[in-house]
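Me: Hi! I have a model open and would like to talk it through with you. Can we start with the turns and then move on to the rest?

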Amino acid sequence: LAGVISTNPAVQMNDMGIAPGSTSTKAKMNPFIALKGRIPCLVSQPVKKGQWVIPDVDGKAKGVDYGTPGVNSFEIIGIAIHDSENGEVEVKV
């Protein structure tokens, strides 16, 4: 796990001429990865402020409470900054 797919990156390294927000095949095969910061993240279920955000299915994430058994620390993407809305949450990575 390296980071979160970014929909609007501040820095585009090796951008290959792909415009932010592009839905082309080239853009899908070479997504921008956010490694640090406040990042919007797609979630598969509602997430509450303060929950850990970990990977789930279909490239989306889910929220789990602090201290949830069975969660490997290497899985944690970040912490939800606020409650999720419309299948997206802002995460502090």
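Me: In the hairpin of β4 and β5, which residue takes a positive phi?
Reply: That's Asp58, with phi near 55 degrees. The hairpin has 5 residues between its strands. Keep in mind that this is a predicted model.

Me: And how many bridges pair β4 and β5?
Reply: There are 4 bridges, and the pairing is antiparallel. One spot to look at is Pro55, which stands opposite Ala61 in β5.

Me: What about β4 and β6, how many bridges join those?
Reply: Here it's 2 bridges, with β4 (residues 52-55) and β6 running antiparallel. Trp52 has Ile79 of β6 as its bridge partner, and Val53 stands opposite Gly78 in β6.

Me: Nice. Zooming out, in what order do the strands sit in the sheet?
Reply: The order is β3-β7-β6-β4-β5, with 5 strands making an open, antiparallel sheet. At the edges you'll find β3 (38-42) and β5 (61-64), each pairing on one side only. From one strand to the next, the twist averages 45 degrees.

Me: Is Asn86 buried or exposed?
Reply: Exposed: its relative accessible area is 83%, and the cut-off for that class is over 50%.

Me: Then Gln51, where does that one sit?
Reply: Gln51 is in the loop between β3 and β4. Gln51 counts as buried because its relative accessibility is 11%, and buried means under 20%.

Me: What does the Gln51 side chain reach?
Reply: It gets to the backbone nitrogen of Lys48, at 2.9 Å.

Me: And which residues is Gln51 in contact with, leaving aside neighbours within four places in sequence?
Reply: The list is Pro46, Gly63, Val64, Asp65, Gly78, Ile79 and Ala80. Two names there have come up already: Ile79 is the β6 partner of Trp52, and Gly78 is opposite Val53.

Me: Changing topic: which residues make up the largest nonpolar core?
Reply: There are 12 of them: Val4, Ala34, Ile39, Cys41, Val43, Val47, Val53, Ala61, Ile77, Ala80, Val89 and Val91. Both β3 and β7 supply at least two residues each to this core.

Me: Say I click on Ile39. What does it touch?
Reply: Not counting residues up to four places away in sequence, Ile39 touches Val4, Ala34, Val89, Glu90, Val91 and Val93. Among them, Val4, Ala34, Val89 and Val91 belong to that largest core.

Me: Is Arg38 buried or exposed?
Reply: Arg38 is exposed, since its relative accessible area is 57% and the class begins over 50%.

Methods
Residues are numbered from 1 along each chain as its sequence is written. This is a predicted model: local features need pLDDT of at least 70, side-chain atom pairs count only at pLDDT 80 or more; totals for chains, interfaces and linings use all residues. Side-chain values use heavy atoms; hydrogens and water are left out. Buried means under 20% relative accessible area, exposed over 50%, partly exposed in between (1.4 Å probe, protein chains only). Two strands pair if DSSP finds at least two bridges between them. Axes are lines fitted to C-alpha atoms, for helices over the stretch in contact, and angles run from 0 to 180 degrees between N-to-C directions. A nonpolar core is a set of buried Ala, Val, Leu, Ile, Met, Phe, Trp, Tyr and Cys residues joined through side-chain atoms within 4.5 Å. Contact means heavy atoms within 4.5 Å. A polar contact is a pair of N or O atoms within 3.5 Å; within protein, one must be able to donate a hydrogen and the other to accept it, and residues adjacent in sequence count only if both atoms are side-chain atoms.
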